[in-house]
Amino acid sequence: MGYTENELAKDLENQEYKFGFVTNIESDKAPKGLNEGIIRFISEKKNEPEWLLEFRLKAFETWKEMTEPEWAHVHYEKPDFQDITYYSAPKQTKKYESWDDVDPELKETMKKLGISMEEQQRLTGVAVDFVMDSVSVATSFKAKLKELGIVFCSFSDAVQEYPDLVKKYMGSVVPMTDNFYAALNSAVFTDGSFCYIPKGVRCPMELSTYFRINEGGTGQFERTLVVADEGSYVSYLEGCTAPQRDENQLHAAVVELIALDHAEIKYSTVQNWYPGDKDGKGGVFNFVTKRGVCEKQAKISWTQVETGSAVTWKYPSCILKGDYSIGEFYSVAVTNNYQQADTGTKMVHLGKNTKSTIISKGISAGKSQNSYRGLVQIHKNASNARNFSQCDSLLMTDECGAHTFPYIECKNSSAKIEHEATTSKIGEDQIFYCLQRGISEEKAISLIVNGYCKEVLNQLPMEFAVEAQKLLAISLEGSVG
Amino acid sequence: MIKIENLHASIEGKEILKGLNLTVNAGEVHAIMGPNGAGKSTLASVLAGREEYEITAGSVDFDGNDLLEMSTEDRAREGLFLAFQYPVEIPGVSNVNFLKTAVNEIREYKGLEPISAKDFMQKVREKSALVELDSKLASRAVNEGFSGGEKKRNEIFQMAMLEPKLAILDETDSGLDIDALRIVANGVNKLKSPENACIVITHYQRLLDYIIPDFVHVLYNGRIVKSGPKELALELEEKGYDWIKEEVDSVNA
Ligand SMILES: Nc1ncnc2c1ncn2[C@@H]1O[C@H](COP(=O)(O)OP(=O)(O)O)[C@@H](O)[C@H]1O
Ligand SMILES: [Mg+2]
């Protein structure tokens, strides 16, 4: 056996989205459309304090004046913001006290996703905050975290229980005026996660949230806020899958990370939303604003493995404000069929002796377009700033595209910036070599691709890395070229 | 073991193998020699199942199976191994991971359970000692940054791990110094058994001082034009290939 471009094209068409199923839980949702009334409805539903409602309304006013950005290397039909349901909560609003109380259907969903919480709890000690259609339905390991003074809860709970922390930090890294989608999120966000690590505390387990978009046509507007107080450490995992849908689903999340002096935050994402079918129909629009700020000697690492979504627009960034702070970005972005990804990072060096590292691995298959867009900005006072960027692209076919847009703005002559970029096509010689050793084509590709992404996968916590490898294999099934 | 009859193969419309015949029985070592461009690597590639080559005529029987009908990976799983003339690098994939995948795919094909981690590592230690391969190389990425000699030794290590029925060594000796040559040959000799066979493709007779062939064949212009006992290799070494070319060309004229 072997492959030709034609066979390849056929193989790719036969791919189906493995996680395409819908959980049938009745939901309590707002009417479609966006106006001040809807925002008041959400805020009231969530029993929010006045300041938060004002925050939302101000964001909404700002958003109305803004236009959707056009500069990303992606093409899509703009979502109709009046045709989206902005609030949808599972009807069963009671929080689960124990795992036994959890809706069996929900458990089934998780099982299909291969992330059985029981197993996760037993094997890995991961505390999972499972967000399903905007409302957190299960939170575990809370007690243990509480002992250490660690707060890990849904954003809504945080608003009720830790309003001062939320008020102080929310919008401090991503202002509501930041961009079109961040403004939209600020106006209509429904839930998300909140995490606070007290001074000097090292969080003993990976904090993990599985996001899942479930209700057809429900836009998902998550907000995540992670605050690592002085000298603390936390590793946070975010993973997502979405069921198969015909209409495009919009996802516009905001993630804010705050690493105070000497603190470290590791934020890892595996993103696996429905990418659309072989003809480019359906799929999730993923427009995310992720940003972290590092105070003195603090460190933030973003690691992401992106295989899903029809259109991805995402630039996890670091503001290196404090002297000697460190920002890292490790990314694998896979696109297949008609997927489009425009992703990268921004490293903003404000403090002295700040250091950033960017490792980006793009993999394009089918007819997809994969772009890396990175900005390294060295400000006037950032003496001795260092950056190292490496952007590699791997092409699986002759019909896909890889694009690299590295931007550098340097206002301090003591800065040292290194940039390396490569583009290669997956080697027929490599595949033949594997086949000759008895390894099937699928496995061969999976091996080669995982090897290519190794530097990034190595950054992920062990269990997550295994899942990420599986995802890479699934999303590239049959995509030889 | 393998019976090749009237094999014709071409690439990009150019015929390279022009009616090749060769039979190798279990327990035998055959050396194939011949000038550059004669088609030696082509023969190896065609047997291994490289897609670029078009088979225009002929048949190959491999242990009762029609080899040409089999997929590349099934040929390997049935016990055909090619030590590449130019082994490729697979960055980021450790040798052990690569081999474990291969071993388990072959086992699955044969209906066996995956090998246990313990047994596998035991085997790695044993076989890497056999070819005096630095154990560090076993955990490094496949051939990445290996010297020419290390790559060749790694091929023999892989062969030892996979225990093929028929091994084809394509110029495994080229680029090796005398010590490495001895090690590689030693490895091959230790793996020799009445159940398996080996085709050694080489340019020089010096490898055949270490691996004693039962038969020596001369491949020229896409055909086996002369076969003989191991002494033929010495004769070739002494006289070069010109006399053979002349012999063949005069017959054809
Ligand atoms: N990909 C290819 N395209 C065209 N001709 C090729 C290709 N590969 C090999 N050849 C030709 O096939 C002939 C035999 O090559 P090869 O089998 O490598 O010889 P050997 O291994 O005996 O030196 C040579 O003339 C070579 O140029
Ligand atoms: Mg050759």
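**The largest nonpolar core**

Modeller: The largest nonpolar core holds 106 residues, and A:Ile363 and B:Phe98 touch the most other members. Keep in mind that this is a predicted model.

Take A:Ile363. Leaving aside neighbours within four places in sequence, A:Ile363 is in contact with a run of residues from A:Val332 to A:Thr335, namely A:Val332, A:Ala333, A:Val334 and A:Thr335. A:Asn370, A:Leu394 and A:Met396 also touch A:Ile363. So do A:Val449, A:Tyr452, A:Cys453 and A:Leu476. A second core is separate and has 49 residues, including A:Ile84, A:Met170, A:Tyr196 and A:Tyr315. In soluble globular proteins, nonpolar side chains tend to be buried together.

Now the background in chain A. Chain A has 13 helices and 23 strands. Of its 481 residues, 63% are buried. Among contacts in chain A between residues at least 6 apart in sequence, 84% join residues at least 24 apart.

A:Ala59 gives a local example. A:Ala59 sits in helix α3 of chain A, residues 50-65. Its relative accessible area is 0%, so A:Ala59 is buried. Beyond residues up to four places away in sequence, A:Ala59 touches A:Met176, A:Ala183, A:Ser186 and A:Ala187.

Next, the largest pocket. Its volume is about 590 Å³. The lining has 25 residues, and A:Leu447, A:Asn450, A:Leu457, A:Gln469 and B:Asn97 lie nearest the centre. In chain A, α11 (441-452), α12 (454-457) and α13 (462-475) each give two or more residues to this lining. By type, the lining divides into 9 nonpolar, 10 polar and 6 charged residues.

Last, the metal site in chain B. The magnesium ion (ligand 2) is coordinated by B:Ser41 through OG and by B:Gln85 through OE1, at 2.1 to 2.4 Å. B:Ser41 lies in helix α1 (residues 40-48) of chain B, and B:Gln85 in the loop between β6 (80-83) and β7 (90-94), so the pair ties together parts 44 residues apart in sequence. B:Ser41 is partly exposed, because its relative accessible area is 26%. B:Gln85 is at 16%, and therefore counts as buried, since the cut-off for buried is under 20%.

Conventions. Residues are numbered from 1 along each chain as its sequence is written. Chains are lettered from A and ligands numbered from 1 in the order in which they are written. This is a predicted model: local features need pLDDT of at least 70, side-chain atom pairs count only at pLDDT 80 or more; totals for chains, interfaces and linings use all residues. Side-chain values use heavy atoms; hydrogens and water are left out. Helices (H or I, at least four residues) and strands (E, at least two) are DSSP runs, numbered from the N terminus. Buried means under 20% relative accessible area, exposed over 50%, partly exposed in between (1.4 Å probe, protein chains only). Contact means heavy atoms within 4.5 Å. Donors are N, O and S atoms within 2.8 Å of the metal (3.2 Å for Na, K and Ca); water is not among the atoms, so sites may look incomplete. On a 1 Å grid over the protein atoms alone, a cavity is a set of points where a 1.4 Å probe fits but cannot get out, and a pocket is an open set with protein on both sides within 12 Å along at least five of seven lines; lining residues have an atom within 4 Å of a point. Grid points are joined across faces, edges and corners, and a volume is the space filled by probe spheres set on the points. Ala, Val, Leu, Ile, Met, Phe, Trp, Tyr, Cys and Pro count as nonpolar, Asp, Glu, Lys and Arg as charged, and the others, Gly among them, as polar. A nonpolar core is a set of buried Ala, Val, Leu, Ile, Met, Phe, Trp, Tyr and Cys residues joined through side-chain atoms within 4.5 Å.
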